[in-house]
Amino acid sequence: MSKDKNKQMHIIAQLSSGQGLEQGGWRWPGEDKAAFINEDVFIKGAQLAEKGKFDGFFLVDVPAISPDIAKTPHGSSLDPIVLMALMAKATEQVGLISTMSTSINEPYSIARTMRSLDLVSKGRMGWNVVTTGAPNALLNYFAGTPEHSPKHARSTEVWEAVLRLWGSWPEGALKLDVESGQFADDKLIKPINFQGEYVSSRGPINLPPSPQGMPVVFTAGGGQYGYNFAATKADAMYGNPPTLKYAVASWQQLSVSIKQAGRNPDDFTIFNGIGVSIASSEKEALERRAALDELGDPAARQQYLSHMLNIPITGLDIDAPIPERLLKLARPNRSDLRSQYAYDLAMKGFTIRQVLAHGPINYHPVFLGTPESIADKLQQWFEAGVGKGFNIIGDSGLSSLADFVDQVVPILQKRGLLRTEYTGSTLREHLGLAYRNGFAAFEKKDQVATD
């Protein structure tokens, strides 16, 4: 049992394109092969997250066709805004976090859409602030691709304009006074007249604040700009740590930046992306993952492992260990922090298939094994200080998320590491954040992030 009941981890769920972490997850028995266009898959995912008392359910958005559509589903699915509206009506308490890119959307569109969803969900929305860098997505909106620095400068302007728009209709301006006939106090609802170098908006917004004021601001931090943005402009961040050591160092670095910005790190949460593969034993979990790998692109995975170890292993027997003559030449690739883990596994004598099944080449760390061992790993990371939160991604899809909720969550709850009931009704309350509406809370600080 956790000694301090208030020191509990925060968890959100992710179900990209309706499938899970693995490329071949869409082919896994029992999963919906067309999950990316089945709204019920996402509604059930949000309901599972609510059953597990998660803080939220997260949707990414990649508005373009997959470059490998012949074999791989899209990185995202139906428009997340449509899905969020459906999920809001099918749930009552779980938070709902959606991506809306600052590169391909105008401030008023973001502000109005997110406020609408925040009202429909009664204060449970989060806005994931990202820029769009993929050319195949940008070319769906523009004749060319924006340069790197203006993309970030525009993002900062969009963020500020959106927050100012949200604040343009303050709490208390909506009167609904039947006796006097006053619907709203128009003296309190004011234009923002925002004029930046890249975007502008007159305002005011045409909707009042939700019970939490405005949506929680998330960001997918990466690089110096991303960390500066998180420290000065966001309430939470998605992290992609390759190792525990990296995750701890990242949170320590970000904590310093948050303090330097005059903010309290206790009011911030990093949701570290973690893939999970659950079975009755580690052996069975590895077999499950090997089967999933086989449904994806085994040759491509083997080729990438060659890159990580700096030795040619493509074409070797995948069910045999790497030959000793090659292991003597192997060394972790310094450009990929995951390579050390792959190297350690290879040196232990695992077969190539088993090395890959452990997940060293996955974008997120993979916790595999029994529900108890996965709970142990989450507790280890949490108590090491990685920013309080986890973004859980099942290996195959909806069924693996259900397994996590039914099998791992009760263990974490029994240990006092995860809430057993919601104590609030808004996403801000789930994250321990105060009511906020608008840009005013940031005005006293220099909020210019440098690339």
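Helix α7 passes helix α13 in a right-handed crossing; a crossing counts as right-handed if the near helix is turned clockwise from the far one by less than a right angle, and as left-handed if anticlockwise. The model is predicted, so local features need pLDDT of at least 70 and side-chain atom pairs count only at pLDDT 80 or more, while totals for chains, interfaces and linings use all residues. Residues are numbered from 1 along each chain as its sequence is written, and side-chain values use heavy atoms, with hydrogens and water left out.

Helix α7 spans residues 244–260 and helix α13 residues 371–384. Helices (H or I, at least four residues) and strands (E, at least two) are DSSP runs, numbered from the N terminus. The two helices pack at an angle of about 35°, and their axes are 10 Å apart. Axes are lines fitted to C-alpha atoms, for helices over the stretch in contact, and angles run from 0 to 180 degrees between N-to-C directions. Leu244, Ala247 and Val248 of α7 form the contact with Gln380, Trp381 and Ala384 of α13, where contact means heavy atoms within 4.5 Å. By class, this contact of α7 with α13 holds 5 nonpolar, 1 polar and no charged residues. Ala, Val, Leu, Ile, Met, Phe, Trp, Tyr, Cys and Pro count as nonpolar, Asp, Glu, Lys and Arg as charged, and the others, Gly among them, as polar.

Helix α1 (residues 39–51) packs against helix α2 (residues 80–90), with axes that come within 9 Å and cross at roughly 50°. The angle therefore makes α1 oblique to α2; angles under 35 degrees count as roughly parallel, over 145 as roughly antiparallel, 65 to 115 as roughly perpendicular and the rest as oblique. The crossing of α1 and α2 is right-handed. On the α1 side, Glu39, Phe42, Ile43, Ala46 and Gln47 meet Leu83, Leu86, Met87 and Ala90 of α2. This contact of α1 with α2 comprises 7 nonpolar, 1 polar and 1 charged residues.

Helix α1 also packs against helix α14 (residues 398–414), where the axes come within 9 Å and cross at roughly 10°. Helix α1 is therefore roughly parallel to α14. Val41, Lys44, Gly45, Leu48 and Lys51 of α1 meet Leu398, Leu401, Ala402, Val405 and Asp406 of α14. The contact of α1 with α14 divides into 6 nonpolar, 1 polar and 3 charged residues.

A search of the whole structure finds 3 cavities of 30 Å³ or more. On a 1 Å grid over the protein atoms alone, a cavity is a set of points where a 1.4 Å probe fits but cannot get out, and lining residues have an atom within 4 Å of a point. Grid points are joined across faces, edges and corners, and a volume is the space filled by probe spheres set on the points. The lining of the largest cavity has 7 nonpolar, 4 polar and no charged residues.

Most residues other than glycine have a negative phi, and most peptide bonds are trans. The peptide bond from Gly203 to Pro204 is cis, with omega near 0°, and Pro204 is found in the loop between β8 (200–201) and β9 (216–219). Leu176, in strand β5 (residues 174–177), has a positive phi of about 50° although not a glycine. Asn193 has a positive phi near 45° and is found in the loop between β6 (182–184) and β7 (194–195).

Note on methods:
On a 1 Å grid over the protein atoms alone, a cavity is a set of points where a 1.4 Å probe fits but cannot get out, and a pocket is an open set with protein on both sides within 12 Å along at least five of seven lines; lining residues have an atom within 4 Å of a point.
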